[in-house]
Amino acid sequence: MADIFDKCVRFARESPIASGQDRTIAEGVLYRRSPLKNAGPWIEADGRRLLQFSTNDYLGLADHPNIRKAAEATVAQVSISSPMGARPLTGTTDLHLELERQIADFKRTEASLIFANGAFAMMGAVAALAGPRDLILLDRHAHASLVCGAKISGAKMRYFRHNDMEHLDAVLQENPPTQAKMVVVDGVYSMQGDIAPLRELADLCEKHGARLIVDDAHGTGVCGAHGRGTGEMLGVEDRIDLHLGTFSKAMATMGGFAAGEAGVINFLKFCAPTILFTKAMPAAVAAATLEALALLRTADDRRKSLWANRKHLQDGLRQRGFDIGHTATPITPIQGNGCDAVYLGHALYEKHNIWASAVLYPAVPIGTSILRVIPTANHTAADVDYLLNSLSAVEREVAQQRSEADAERACRPN
Ligand SMILES: Cc1ncc(COP(=O)(O)O)c(C=O)c1O
């Protein structure tokens, strides 16, 4: 008889991620125990002082006293559990409503809706807006939460090649104007750090009568002169039909939002499954996020430091011959084959006290890996130099180990 759990046994035996020694190291690196306080730049773990280069605390707000105080005051007043219940039942407080007003104002939209986490915002919005008769066109690299939403919706799904407008145009062309459709993209692609060509996307959506939905999880707070995101950066904010975002990155709290026309937000309020069937964002998180948003809106200096650190790091890596792809944001993916990134991350941690995370399949194509390095506003130029020098050293060590292992394999009798 077939057992649906068989795949778990197969996974343990023949993991698609890595095998043998690679696998032991990969598991150690991927699920390395983190200290409670891990945003960095400097953290303490295993009795050591480590330099953190792997969080999305872009603006360095994770440990900001205003955010912490807002959360502490709310927990002291109403505990962590409040409000008990889902948003439409008993889960909407003044703090939730105020945060929704503030987000709509920040994103320059008529209304917004907040979700208990970012992935719920992406999943719930896409799942609610499309149905079995509709068509969703997704960039091949769209975030997994958008893909999940599309699958839940039951809509027809088509992928277009990453950032390839000719391909998208051709796919749109195949569908009659009577077919209701939406194009779903990330503003900033979370693994490769490149940006969606939003102007061209908006033009194509207009041409073919499709709605444009943008998940700007990594753009919000980071991109644009005022941190309003990739839409602001590319001058097309008002051409995006629905803005999706998360509070877990530049705002350093938790939760997500959808922002757009009042009618659409009202629809999501009553139809998004991830609003209806899950507990509301805790009030303490809403209070903290209101503080984070206020800080983000006046964080020009922090944004400047972030982008200066990004330039310093990425120029340095390119000069040293590292392949970092087409990133245009602080996300810095050092490209590798096989498990290269795992070995680099392991050596950085063990020998140079640096925490830099390796990313493997399914977040990147099978057979590849990236070491995903992210500078924040709080890193210093000296921190970045230390990382650059350490990376050059470990790259040499890892290359040496690899050639010794290859030589040993070649000498082994068959
Ligand atoms: C592009 C993108 N969308 C959505 C999410 C989900 O956000 P959250 O972690 O806040 O649920 C992430 C986070 O990894 C992301 O990178």
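The legends below describe close-up views of a predicted model. Local features are described only where pLDDT is at least 70 and side-chain atom pairs count only at pLDDT 80 or more, while totals for chains, interfaces and linings use all residues. Residues are numbered from 1 along each chain as its sequence is written.

**View 1. Helix α4 and the elements that cover it.**
Helix α4, residues 94-107, has 14 residues and reaches 20 Å from its first C-alpha to its last, close to the 20 Å expected at 1.5 Å a residue. Helices (H or I, at least four residues) and strands (E, at least two) are DSSP runs, numbered from the N terminus, and the expected span of a helix is 1.5 Å times one less than its number of residues. Leu95, His96, Leu99, Glu100, Ile103, Ala104, Phe106 and Lys107 are the buried residues of α4; a residue is buried if 20 or more other C-beta atoms lie within 10 Å of its own, exposed if 12 or fewer, and partly exposed in between, with C-beta atoms placed from the backbone. Among the elements that cover these buried residues are β3 (111-115), β8 (242-246), β9 (256-260) and α12 (283-297), where contact requires C-beta atoms, placed from the backbone, to lie within 7 Å. Just after α4, arginine 108 takes a positive phi of about 60 degrees.

**View 2**
β3 and β9 run antiparallel and are joined by five bridges, and two strands pair if DSSP finds at least two bridges between them. Within this pairing, isoleucine 114 stands opposite phenylalanine 257 in β9.

**View 2. The shell around the ligand.**
The ligand is surrounded by 14 residues, of which Gly118, Ser190, Ala217, Thr246 and Ser248 are the closest; a residue is near a molecule or strand if its C-beta atom, placed from the backbone, lies within 6 Å of it. Helix α5 (residues 118-129) gives the most to this shell, with three residues. By residue class the shell divides into three nonpolar, nine polar and two charged residues, where Ala, Val, Leu, Ile, Met, Phe, Trp, Tyr, Cys and Pro count as nonpolar, Asp, Glu, Lys and Arg as charged, and the others, Gly among them, as polar.

**View 3. The mixed sheet of β1, β2 and β11.**
Three strands form an open sheet in the order β1-β2-β11, and the pairing is mixed. The edge strands are β1 and β11, each of which pairs on one side only. Strand β1 (residues 42-45) and strand β2 (residues 48-52) run antiparallel and are joined by four bridges, with isoleucine 43 having leucine 50 as its bridge partner in β2. The hairpin of β1 and β2 has two residues between the strands, and in this hairpin aspartate 46 takes a positive phi near 50 degrees. β2 pairs in the parallel sense with strand β11 (residues 354-355) over two bridges, and glutamine 52 stands opposite tryptophan 355 in β11.

Three bridges join β12 to strand β13 (residues 368-373), and serine 357 stands opposite arginine 372 in β13. The buried residues of α14 include Val342, Tyr343, Leu344 and Leu348. Just after α14, asparagine 353 takes a positive phi of about 55 degrees.

**View 4. Glutamine 400 in helix α15.**
Glutamine 400 lies in helix α15 (residues 381-411) and is exposed, with 10 other C-beta atoms within 10 Å. The C-alpha atoms of glutamine 400 and asparagine 117 are separated by 43 Å, and these two residues are 283 residues apart along the chain.

Definitions and conventions:
Two residues are in contact if their C-beta atoms, placed from the backbone, lie within 7 Å.
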